[in-house]
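Here is a short note to read alongside the model. Please keep the structure in view as you go through the points.

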Amino acid sequence: MLSNKNNVIALTVSLLLLFISLLAVFHAPTYLLWKLTVAVTEFPHAFMAAALLCLIIPRTGTTQAIVSYSINAIALLLFCTPLLRAQSIISDLPAELNTAFIHQQSKESPYGFLKMLQGNSFAEMPFHTLVYGQRPQKDLTLDFYAPSRPSRKPCIVVIHGGSWSSGDSRQLPALNSYLAGKGYPVAAINYSLAPGAIYPAQVQDTRKALEYLKAHAKELQIDADDFVLLGRSAGGQIALTAAYTFGDPAIKGVIAYYAPADMIWGYSVPGNPLIMDSRKVMEDYLGGTYEQAKSNFYDSSPIEFAGAGSPPTLLIHGRRDELVAWEHSRRLNEKLKANGVPHFLLTLPWATHGCDFNLSGPSGQLSTYAVEAFLNNLQKS
C-alpha cells in the first residue's frame with residue numbers, strides 16, 4: 001500500500017512540475033501564469049531542484065512509476081532550457097557589445113551559474129527622498145542614491161514601469177543599489193499616473209526631474225551635463241520619448257527594458273486580453289482611442305523621433321514577452337540602425353516581461369552586464 005501511495009504522489013508531483021515547466025518554452029495564457037513564467041525562467045535552479053527531489057521519492061517498478069520518472073525527467077529538461085539558451089548568448093555578448101560600443105571588457109563572464117545560486121551579493125544602498133516638483137494635490141518625488149564616494153560617472157535617472165497607471169520609484173530597486181555601489185548616482189523618479197494624468201504629463205515630469213537635478217547638481221555632487229535615462233516597460237517608453245525629443249545634450253544615453261516603442265503599431269496588434277487589456281491601458285494613458293487621440297499616439301511613439309541625432313541606446317527585451325511584444329524593440333532597433341545611432345538590442349530568447357526581476361537570474365545577469373558595458377562606453381566617448 002505504501003509503495004502504491006508513493007507512486008501516486010510521485011506521479012501527481014511529476015505532472016504538476018511538467019505543467020509548470022511548459023512555461024519555460026510556451027507563452028503564458030493568463031496573467032497569473034505570466035507571473036509564474038517569470039519565476040520559472042529567472043529562478044530555474046529552484047525548479048530544477050524540485051524536479052531532482054521528486055526523483056528521490058521511492059517508487060516500485062510498475063508502469064505508473066516508469067511514467068512518473070519519464071514525466072519528471074522531461075520537466076527537469078524543460079526547467080534547464082533558460083540556462084541552455086543563455087549559453088548561446090554568453091560567449092558572443094562581450095564581442096557584440098564591443099562592436100556596438102567600444103568598451104573595456106570585464107574579466108568576469110556575463111553570466112555565472114554560481115552567481116545565480118549565491119543571489120545578489122552587493123550591499124543595499126541607502127537613499128533619500130527629494131521633492132522635485134508639484135502636480136495638483138501631489139508632490140513629485142525621487143529617491144536619490146548617492147555613491148559611497150563622489151565620482152565623475154553619469155547620473156542614472158530611473159523611470160519605473162506599471163502600465164503608466166501604477167508602480168513607483170521603489171520598483172525593482174536592486175539595480176539602483178548595484179549601480180550606486182559601482183559609483184553611479186541614481187535618481188529613481190515618481191511621475192503622474194494615468195488615467196488621472198494623460199500623456200504628455202509623464203514626459204513633462206521627467207523633464208522637471210532633470211531640471212531639478214541640474215539645479216541641485218552641486219549639493220548632490222553630480223555632473224549637471226551627464227545623465228542617462230533608464231526605464232522599464234512603460235517607463236522605457238517615457239525614457240525613450242524624453243531622450244529622443246528633448247534635444248538635451250546632457251542626456252548622454254538611454255536604456256530601455258522591454259519598452260513599447262511603436263504605440264501606433266502596438267495599438268493595432270493588441271496582446272492577450274487574459275494577461276492585459278493593452279488597448280485599454282494605452283487609451284487611459286493617451287486620452288482615448290487611436291481615432292480620438294491620434295496626435296498623442298504619434299507623439300508618444302519613440303520610433304517616430306529616433307534619428308541621426310538621437311543619443312546612444314541600449315534595448316533589452318525578452319523574445320517571449322507577453323505584455324509588450326519584442327517586435328517593439330526590433331522595430332526601433334532597425335530605425336536606429338538606419339540612422340547610424342550607436343545602439344544595441346539584447347534579445348533574451350527565453351525571457352518574458354519583467355525578466356530582470358531577479359538580478360542574479362539569467363536575464364538579470366546578462367542585462368546588467370550589458371548595462372555596465374553601455375555605461376562604460378559613454379564615459380569613454
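1. The lining of the largest pocket holds 24 nonpolar, 14 polar and six charged residues. Ala, Val, Leu, Ile, Met, Phe, Trp, Tyr, Cys and Pro count as nonpolar, Asp, Glu, Lys and Arg as charged, and the others, Gly among them, as polar. A pocket is an open set of points on a 1 Å grid over the protein atoms alone, where a 1.4 Å probe fits, with protein on both sides within 12 Å along at least five of seven lines; lining residues have an atom within 4 Å of a point.

2. This is a predicted model: local features need pLDDT of at least 70, side-chain atom pairs count only at pLDDT 80 or more, and totals for chains, interfaces and linings use all residues. Residues are numbered from 1 along each chain as its sequence is written, and side-chain values use heavy atoms, without hydrogens and water.

3. The largest pocket has a volume of about 950 Å³, which is the space filled by probe spheres set on the points, joined across faces, edges and corners. Of its 44 lining residues, Trp 34, Ser 233, Met 276, Leu 323 and His 353 are the closest to its centre.

4. Which helix gives the largest share of that lining? Helix α2 does, with five residues. Helices are DSSP runs (H or I, at least four residues), numbered from the N terminus.

5. Helix α7 (residues 174-181) is mostly covered, with six of its eight residues buried. Buried means under 20% relative accessible area, exposed over 50%, partly exposed in between (1.4 Å probe, protein chains only). Among the buried ones are Leu 175 and Tyr 178. Just after α7, Gly 183 has a positive phi of about 100°.

6. Phe 26 sits in the loop between α1 (2-21) and α2 (31-42). Phe 26 counts as exposed because its relative accessibility is 52%.

Key:
Helix = DSSP H or I, 4+ residues; strand = E, 2+ residues; numbered from the N terminus.
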